[in-house]
Amino acid sequence: MISNPSLLSYTCIAKGTVVLAEFASKEEPGIEDVALRCIENTPPHHSLFSHTVRKKTYTFSIDDDDSLVYFAILDEAMEKPESLWLLNRLRSAVEDLVRGGETLTNPSPRCLQAKMDPVFAEIVGGVDVDLELEMDLVGSPRSVARDSRNPSIDSSKGRRASLMPLLGKQLKALKKKNKRLHTEDSGDVGMMKETSEKKVDLCGNGNGGVSSRKELRNGLLTDHHHHRQKAKQMWKKHVWFVLIFDFCICAVLFGIWLWVCEGFQCVNG
């Protein structure tokens with residue numbers, strides 16, 4: 001069964017545009033007409049197709065061999081593994097009927113309704129034991145083999161227990177997935193909380209943060225003053241270097257002039 005039957009609005013088995021069996025939620029009148037229009041427009045060249053619009057997911061599982069379409073209208077909150085299990089459950093039930101001698105060459109509308117009602121009841125969680133037994137009496141090989149393996153199938157508890165392996169695996173898988181998601185969410189919350197605490201400390205919320213901010217500000221001012229003094233000293237050294245270099249050049253040129261003029265004779269002349 002699905003975990004939340006209220007998320008299932010409609011499901012059916014169809015061949016072409018002929019609906020062989022269907023289940024419709026009583027809370028959504030007129031859903032059958034919407035489903036029929038969807039079936040009439042079944043997407044070609046697909047084995048599985050899903051489309052979500054206005055919080056409803058329309059899912060097709062298409063069997064090209066015998067032109068059967070397994071269709072469901074679901075709430076978008078239903079998880080994909082659960083919707084796939086629903087369609088696969090319908091497929092396995094129809095295959096059992098075909099192996100038991102059911103012919104679907106020229107089917108009439110709702111021809112499988114009575115035989116599929118127990119499956120629909122199983123999916124939504126209201127398994128009818130008498131209907132389940134009638135379905136088994138159709139003669140499917142799986143039901144005969146199950147009767148031979150399980151002597152307690154004559155009792156109502158035995159019949160209900162025969163349904164539990166399939167449903168139990170699905171429920172266990174869903175529980176494990178939900179538990180894993182809950183664990184991941186808890187870890188994410190813990191990491192966010194730790195990160196927020198670190199941000200609070202860095203931003204300076206609290207007495208410790210105020211003192212840290214003051215120390216940081218004083219350190220920045222001291223460092224700025226130190227760099228400023230260092231830059232001033234380097235500028236002074238550069239000025240002195242330029243002046244000394246210019247003086248040396250002037251002295252050399254003056255010496256050359258004295259050598260050429262043999263003293264100050266050029267001036268006297």
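Predicted model: local features only at pLDDT ≥ 70, side-chain atom pairs only at ≥ 80, totals over all residues.
**Entry 1: ground rules and Glu-22**

I take helices (H or I, at least four residues) and strands (E, at least two) as DSSP runs, numbered from the N terminus. I number residues from 1 along each chain as its sequence is written, and side-chain values use heavy atoms, with hydrogens and water left out.

I began with Glu-22, which sits in strand S2 (residues 18-24). Is Glu-22 buried or exposed? Its relative accessible area is 15%, so I log Glu-22 as buried; the cut-offs are under 20% for buried, over 50% for exposed and partly exposed in between (1.4 Å probe, protein chains only).

Next I looked up what Glu-22 touches, with contact meaning heavy atoms within 4.5 Å. Leaving out residues up to four places away in sequence, I found Tyr-10, Thr-11, Cys-12, Glu-32, Arg-110, Gln-113 and Phe-120. With Arg-110, Glu-22 also makes a side-chain to side-chain polar contact at 2.9 Å. For that term I need a pair of N or O atoms within 3.5 Å; within protein, one must be able to donate a hydrogen and the other to accept it, and residues adjacent in sequence count only if both atoms are side-chain atoms.

Arg-110 is partly exposed, at 39% relative accessible area. Its phi is near 60°, a positive value in a residue other than glycine.

His-45 also has a positive phi near 60° and is not a glycine. I placed His-45 in the loop between H1 and strand S3 (48-53). At 81% relative accessibility, His-45 goes down as exposed.

**Entry 2: salt bridges**

How many salt bridges does the structure hold? I have six on record, each a side-chain nitrogen of Lys or Arg within 4 Å of a carboxyl oxygen of Asp or Glu. I went through some of them.

Glu-28 pairs with Lys-56, and their closest N and O atoms are 3.1 Å apart. Glu-28 is in the loop between S2 and helix H1 (31-40) and Lys-56 is in strand S4 (residues 56-63), so this pair ties together parts 28 residues apart in sequence. Glu-28 counts as partly exposed at 22% relative accessibility, while Lys-56 counts as buried at 19%.

Asp-63 and Arg-91 form a salt bridge through their side chains, at 3.5 Å from N to O. Asp-63 is in strand S4 and Arg-91 in helix H2, so I note a link between distant parts of the chain, 28 residues apart. Asp-63 is buried at 15% relative accessible area, and Arg-91 counts as buried at 18%.

Lys-115 bridges to Glu-102, with the closest N and O atoms 2.5 Å apart. Why does this pair tie together parts of the chain? Lys-115 is in helix H3 (residues 113-124) and Glu-102 is in the loop between H2 and H3, so the linked parts are 13 residues apart in sequence. Lys-115 is partly exposed, at 28% relative accessible area.

**Entry 3: helix H2**

I checked the length of H2 (residues 80-99), a helix of 20 residues. From first C-alpha to last, H2 reaches 29 Å, close to the 28 Å expected at 1.5 Å a residue; the expected span is 1.5 Å times one less than the number of residues. After H2 comes Gly-101, with a positive phi near 115°.

**Entry 4: a nonpolar patch**

Which residues make the nonpolar surface patch of about 970 Å²? I listed Phe-241, Val-242, Phe-245, Ile-249, Val-252, Leu-253, Ile-256, Trp-259 and Val-260. Patch residues have over 30% relative accessible area and no salt bridge, with like charges joined within 9 Å and nonpolar side chains (Val, Leu, Ile, Met, Phe, Trp, Tyr) within 5 Å. Areas come from the Shrake-Rupley method with a 1.4 Å probe; for residues, only the protein chains shown count as cover.

I looked up Val-260 from this list and found it in helix H7 (residues 207-261). Val-260 is exposed, at 56% relative accessible area.

**Entry 5: the whole chain**

Last, the totals. I count eight helices and five strands, and along the sequence the pattern reads β-β-α-β-β-β-α-α-α-α-α-α-α. Of the 269 residues, 30% are buried. Among contacts with a separation of 6 or more, 52% come from residues 24 or more positions apart. The chain exposes about 18,500 Å², with 59% of it supplied by carbon and sulfur atoms.
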